[in-house]
Amino acid sequence: MAAAREFPTIKAVRSFIIGGVGSGGDYHNVKGGHWLIDSPISTPCSQWEKYRASRTSWGINVLGSFFLEIEATDGTVGFATGFGGPPACWLVHQHFERFLIGADPRNTNHLFEQMYRASMFYGRKGLPVAVISVIDLALWDLLGKVRGEPVYKLIGGNTKDRIDFYCTGPEPPAAKAMGFWGAKVPLPYCPEEGHAGLKKNVEFLRKHRDSVGPDFPIMVDCYMSLNVPYTIEIVKACEDLNINWWEECLSPDDTDGFEQIKRAHPTIKFTTGEHEYSRYGFRKLIEGRNLDIIQPDVMWLGGLTELLRVSAMAAAYDIPVVPHASGPYSYHFVISQPNTPFQEYLANSPDGKSVLPVFGDLFLDEPIPTKGFLTAADLDKPGFGLTLNPAAKAKLIPSTYLLTLPTNSLTPPKEEATPAEDETNGVVDSLKKVKLSDLTSA
């Protein structure tokens, strides 16, 4: 019997910060005036009036995007993008790289477990798991390229011939005109704005219902900003508007709250999961049977490896999995799984009225839905099927400068300076020695 062919191992890991705005995996790192950051949207920080005008005022885009390459010993390079900026690059090289160099990239389960467990003392959720997600996606991209197959073929093949999309954006009539089967809009006003705010929320949703007629599905994104009593009240007030579902009404940590709002409105659909992490985080959401759809983000919850575990768990409870945004990383998952009925498209144009690539100009060939759908043929390229845009390379800042800052050249103490001034002056002098080329070369 012939032996299995030798498979390449991981030779190098490289990370880059994506300079500027509008490119890469941080959805909210866009220019001012974009509907996603500068339209009225109820958020966890809307309870303070000074942070209601723009999401950037409280720092939603503070981390920015990063880009990761994993190179195999045969020269094949897998890559992925995500959010996290400089802190993400630091974690990649200072912590997670040790598990990758020399490893077999096919061992995605093993590598995930090592990275997840090694970061449990400071991770489990949030940025560390999001960084693992991007590493995992780059591994799957690498595997698809080495094997010459699209990722969806590696995880079971297609269970459907096309993916139908709904659109998240500011204008349901625009979503309808572009061919999407439904539209999701952000709720504008938060509970702290009182009865007047609740009344304006109802009027806002009624206006959108009137704009598309009684049968076009409308969903409402509450972005973790409501509480149980307010949710129960507003859902009651909107009963005649035929809202398809209410999304992420509560804090991700208020899992018991979903039981209360479902008990109050047993025939209304509620969804959440965008800001949950790992199979452990999703277990309680799924087992409670209080959610009609779960919505993990493959770029955040732990990557494709962990999403497959979460999806299998949800399938055992007949709960559909509809990923949050994430472009082609989600598309390959959705087309391969039986309990994934459709997919979200997050409108990336400033006015939300046209279909643009989710990751901006980072890739030359990102598939985008046309007339509200994509087919399996649109995904039939090795890996995730993405080609880095040469023009975008100028935005990629190698992260090496983050890891090599000088630390041993403090200025000698001066007689007239205080100890605090001495230390500050020394650090400034050290930073001056970092070459500008280190920060800007691609």
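Modeller: Start with helix H7, residues 194-212, and helix H8, residues 228-237. This is a predicted model. In it, H7 and H8 pack at an angle of about 40°, and their axes lie 10 Å apart. Why those two values? Two packed helices are described by the angle between their axes and the distance between the axes. Angles under 35 degrees count as roughly parallel, and 65 to 115 as roughly perpendicular. H7 and H8 are therefore oblique to each other. The crossing of H7 past H8 is right-handed.

Now look at the residues in contact. H7 brings Gly197, Leu198, Asn201 and Val202. H8 answers with Tyr230, Glu233, Ile234 and Ala237. Sorted by class, this contact has 5 nonpolar, 2 polar and 1 charged residues.

UniProt, in an unreviewed entry, lists residues 170-268 as "domain: Mandelate racemase/muconate lactonizing enzyme C-terminal". Over residues 170-268, the chain is 45% helix and 13% strand.

Helix H3 (residues 108-118) and helix H11 (residues 303-315) have axes that come within 9 Å and cross at roughly 100°. H3 and H11 are therefore roughly perpendicular to each other. From H3, the residues in contact are Thr108, Asn109, Phe112 and Glu113. They meet Thr305, Glu306 and Arg309 in H11. By class, the contact of H3 with H11 has 1 nonpolar, 3 polar and 3 charged residues.

Four strands form an open sheet, in the order E3-E2-E1-E12, with antiparallel pairing. Strand E3 (77-83) and strand E12 (396-398) stand at the edges. Each has a single partner strand, so one side of each is left without a neighbour in the sheet. From one strand to the next, the twist averages 30°.

What holds strands side by side? Strands of a sheet pair through backbone hydrogen bonds, either parallel or antiparallel. Take strand E1 (residues 10-18) and strand E2 (residues 65-72): they pair in the antiparallel sense over 7 bridges. Arg14 has Glu69 in E2 as its bridge partner. Helix H2 (residues 85-100) packs on this sheet. H2 touches E1, E2 and E3, and its direction makes about 170° with that of E1.

Conventions
Residues are numbered from 1 along each chain as its sequence is written. This is a predicted model: local features need pLDDT of at least 70, side-chain atom pairs count only at pLDDT 80 or more; totals for chains, interfaces and linings use all residues. Side-chain values use heavy atoms; hydrogens and water are left out. Two strands pair if DSSP finds at least two bridges between them. Helices (H or I, at least four residues) and strands (E, at least two) are DSSP runs, numbered from the N terminus. Axes are lines fitted to C-alpha atoms, for helices over the stretch in contact, and angles run from 0 to 180 degrees between N-to-C directions. Contact means heavy atoms within 4.5 Å. Angles under 35 degrees count as roughly parallel, over 145 as roughly antiparallel, 65 to 115 as roughly perpendicular and the rest as oblique. A crossing is left-handed if the near helix is turned anticlockwise from the far one by less than a right angle, and right-handed if clockwise. Ala, Val, Leu, Ile, Met, Phe, Trp, Tyr, Cys and Pro count as nonpolar, Asp, Glu, Lys and Arg as charged, and the others, Gly among them, as polar. UniProt positions are given in the numbering used here, feature names are shortened, and annotations may be inferred rather than shown by experiment.
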